[in-house]
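Open the model in your viewer and get ready to select residues. We will go stop by stop.

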Amino acid sequence: MLNVAGLTVDYGRTSAVRGIDLTVSANGASCLLGPNGAGKTSTLRAISHLTASTGSIEFDGEDISNSPPDEIARRGLIHVPEGRRIFESLSV
């Protein structure tokens with residue numbers, strides 16, 4: 001369902017992500033683990049095209065490497081950022 005190959009994210013001269021390969025099957029789940037600054041958020045933002053990157057990204061059999069974020073979301077690949085106060089009116 002999701003195939004990522006050679007994903008690289010750079011912020012100026014700083015390399016945040018270098019050559020990540022990731023595959024998630026339709027019935028599977030994956031987890032990115034690592035300490036702060038390891039590139040987890042940069043990887044997810046790059047897959048959603050919220051951050052510039054290089055490499056190939058395929059979702060549901062189609063290349064989305066050059067698709068804009070809104071088109072990626074319409075296809076069903078949704079980025080939900082971790083953060084506080086996203087839904088301030090809701091309680092746990």
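This is a predicted model: local features need pLDDT of at least 70, side-chain atom pairs count only at pLDDT 80 or more; totals for chains, interfaces and linings use all residues.

**Stop 1**

Select Ile20, which sits in strand E2. Is Ile20 buried, partly exposed or exposed? It counts as partly exposed, because its relative accessibility is 27% and buried means under 20%. Now show its contacts. Beyond residues up to four places away in sequence, Ile20 touches Val4, Ala5, Gly6, Leu7 and Thr43. Thr43 lies 23 residues from Ile20 along the chain, yet their C-alpha atoms are separated by 8.2 Å.

**Stop 2: the sheet**

Switch to a cartoon view. Four strands form an open sheet in the order E2-E1-E3-E4, with antiparallel pairing. Which strands are at the edges? They are E2 and strand E4 (62-63), and each pairs on one side only. Zoom in on E1 and E2: seven bridges join these antiparallel strands. Select Val4 next; its bridge partner in E2 is Leu22.

**Stop 3**

Nonpolar side chains tend to be buried together in soluble globular proteins. Select Leu2, Val4, Leu7, Ile47, Ile57, Ile64 and Leu77. Of the 14 residues in the largest nonpolar core, these touch the most other members. Strand E1 (2-11), strand E2 (14-24), helix H1 (40-47) and strand E3 (54-59) each give two or more residues to this core. E1 gives the most, with four.

Finish on Ile57. Leaving aside neighbours within four places in sequence, its contacts include Leu2, Val4, Leu7, Ala46, Ile47 and Ile64.

Definitions and conventions. Residues are numbered from 1 along each chain as its sequence is written. Side-chain values use heavy atoms; hydrogens and water are left out. A nonpolar core is a set of buried Ala, Val, Leu, Ile, Met, Phe, Trp, Tyr and Cys residues joined through side-chain atoms within 4.5 Å. Buried means under 20% relative accessible area, exposed over 50%, partly exposed in between (1.4 Å probe, protein chains only). Contact means heavy atoms within 4.5 Å. Two strands pair if DSSP finds at least two bridges between them.
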